[in-house]
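Work through these exercises with the model open. Try each task before reading its solution.

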Amino acid sequence: MKTVNDFNFKNKKALIRVDFNVPLNDNFEVTDATRIQSAKPTIIKILEDGGSCILMSHLGRPNGVQEEFSLRHINNKIEDIIGVEATFVENCVGPKAEEAAANLKPGEILLLENLRFHDEETAGDKVFAEQLSKLGDIYVNDAFGTAHRAHASTTIIAQFFPESKCFGNLLAQEIESINKVMETGEKPVLAVLGGAKVSSKITIIENILDKVDHLIIGGGMTFTFVKAQGGSVGESICEDDKMELALEIIKQAKAKNVQIHLPVDVVAANDFSNDAETKVMDVTQIPNGWQGLDCGPKTKANFHEVVMQCKTILWNGPLGVFEMENFANGTIALGNSIAEATKNGAFSLVGGGDSVAAVKQFGFEDKVSYVSTGGGAMLESLEGKTLPGIAAILD
Ligand code: AMP
């Protein structure tokens, strides 16, 4: 696996696919610069070698050229974070981009306009990828967030750099973290899967049964498993058409010697609202008119015990409706348990959508080993898929 650390960038122009798809407010100011921060080590390494950086990214989902999606809005933020002036060029391909790239000196940064102002980007167009490729000497992919897309700048472009392509530090770290859980993790390995629906996690569950010793299932998914085994779930979120699948998963887990841990009690509410009346109930005895929105105290204690036994922990998906304060306690308790296990030497990876939001919201970001920057890319990795952006570099 080649990374930026395998190259000397002296007098070279690095063409770097970054994921600077950052949120902007109404004044076009960056409200969360995590993604720019995450790319900093790669950019600094190249500049310190005596190379220059040509940064390319998408921003949002523009329909053709739309000024509100221009990357010019984030140029200042990049300069603040990297500490180097950046030149912005208003098209990512064509004479202006080529001229700006040709004039680039060692130690300088060039920011290209939004790749998705050209439909060819998401279409994975080869001619467009070749045009982009002319701008740099070495292609660096540091955009984990788009590594599951076979777009021109994330995948197709790599073929024009057969000997001079590599991963940036961020993407390399993401790959290593996933491998640490899925391939080389110290046993016992635990996966905690929460979130709303079994249907969106089924491929992950199936893939992960071959990798883990323990599987905690929580959140809304709980109730499909509980009802399938004969419990009453009241108004709780439940996918009746996935009940057979749930039983099949339980059977497979037994055959593979994986211990499944489900909630035994829940905080149930008489409405899907933070102000609803709540009661702690047995997870198998939720009456009509009530729905389970968080895990109960016995469950929290059980899950804590499981987490503390494990040396490698993957967490995807909240254990309750954490967006509502009264139903966030199960998710917070799990975060605390994983933080404690990490302090005791376990490796913990948090990834995929809402669990990352929860980890940030409740301040666990620095208490786990690694928080992934990619939502969809992380989920597809956990499903066992080879991401096209990664395959293109390894090829
Ligand atoms: P996912 O994107 O599949 O990880 O699902 C995340 C969503 O699951 C969050 O918005 C949570 O509010 C929701 N969720 C977690 N537990 C429950 C539950 N018991 N009932 C309904 N929704 C839940």
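**Exercise 1. The second largest pocket**

Which element gives the most to the lining of the second largest pocket, and with how many residues?

Solution. Keep in mind that this is a predicted model.
- Step 1: Start with the space itself. The second largest pocket holds about 430 Å³.
- Step 2: Find the centre. Of the 30 lining residues, G195, A196, G220, P318 and G320 are the closest to it.
- Step 3: Look at the elements. α8 (222–228) and β14 (291–295) each supply at least two residues of this lining.
- Step 4: Pick the top contributor. β14 gives the most, with five residues.

**Exercise 2. The largest pocket**

Explain why the largest pocket lies between domain 1 and domain 2.

Solution. 
- Step 1: The largest pocket has a volume of about 640 Å³.
- Step 2: Locate its centre. The lining has 30 residues, and D32, T34, R35, K360 and T373 lie nearest the centre.
- Step 3: List contributing elements. α1 (34–49), α6, α12 (354–361) and β17 (370–371) each supply at least two lining residues.
- Step 4: Bring in the domains. Domain 1 (4–171) and domain 2 (185–382) both give residues to the lining, so the pocket lies between them.
- Step 5: Twelve lining residues are nonpolar, twelve are polar and six are charged.

**Exercise 3. The nonpolar cores**

Which residues touch the most other members of the largest nonpolar core?

Solution. 
- Step 1: Take the core as a whole. It has 65 residues, and L112, L132 and L215 touch the most other members.
- Step 2: Find the main supplier. Helix α6 (residues 169–182) gives the most to this core, with seven residues.
- Step 3: Assign domains. Domain 1 (4–171) and domain 2 (185–382) each provide at least three residues of this core.
- Step 4: Zoom in on L112. Leaving out residues up to four places away in sequence, its contacts include I54, L55, M56, F88 and L132.
- Step 5: Turn to the other core. A second, separate core has 30 residues, among them A14, V30, I81 and L111.

**Exercise 4. S52**

Is S52 buried or exposed?

Solution. 
- Step 1: S52 is in strand β2 (residues 52–56).
- Step 2: Apply the cut-off. Buried means under 20% relative accessible area. S52 is at 2% relative accessibility, so S52 counts as buried.
- Step 3: Identify the neighbours. Beyond four places away in sequence, S52 touches residues including K12, K13, A14, I46, L104 and E108.

Notes:
Residues are numbered from 1 along each chain as its sequence is written. This is a predicted model: local features need pLDDT of at least 70, side-chain atom pairs count only at pLDDT 80 or more; totals for chains, interfaces and linings use all residues. Side-chain values use heavy atoms; hydrogens and water are left out. Helices (H or I, at least four residues) and strands (E, at least two) are DSSP runs, numbered from the N terminus. Buried means under 20% relative accessible area, exposed over 50%, partly exposed in between (1.4 Å probe, protein chains only). Contact means heavy atoms within 4.5 Å. A nonpolar core is a set of buried Ala, Val, Leu, Ile, Met, Phe, Trp, Tyr and Cys residues joined through side-chain atoms within 4.5 Å. Domain bounds come from an automatic or database domain assignment. On a 1 Å grid over the protein atoms alone, a cavity is a set of points where a 1.4 Å probe fits but cannot get out, and a pocket is an open set with protein on both sides within 12 Å along at least five of seven lines; lining residues have an atom within 4 Å of a point. Grid points are joined across faces, edges and corners, and a volume is the space filled by probe spheres set on the points. Ala, Val, Leu, Ile, Met, Phe, Trp, Tyr, Cys and Pro count as nonpolar, Asp, Glu, Lys and Arg as charged, and the others, Gly among them, as polar.
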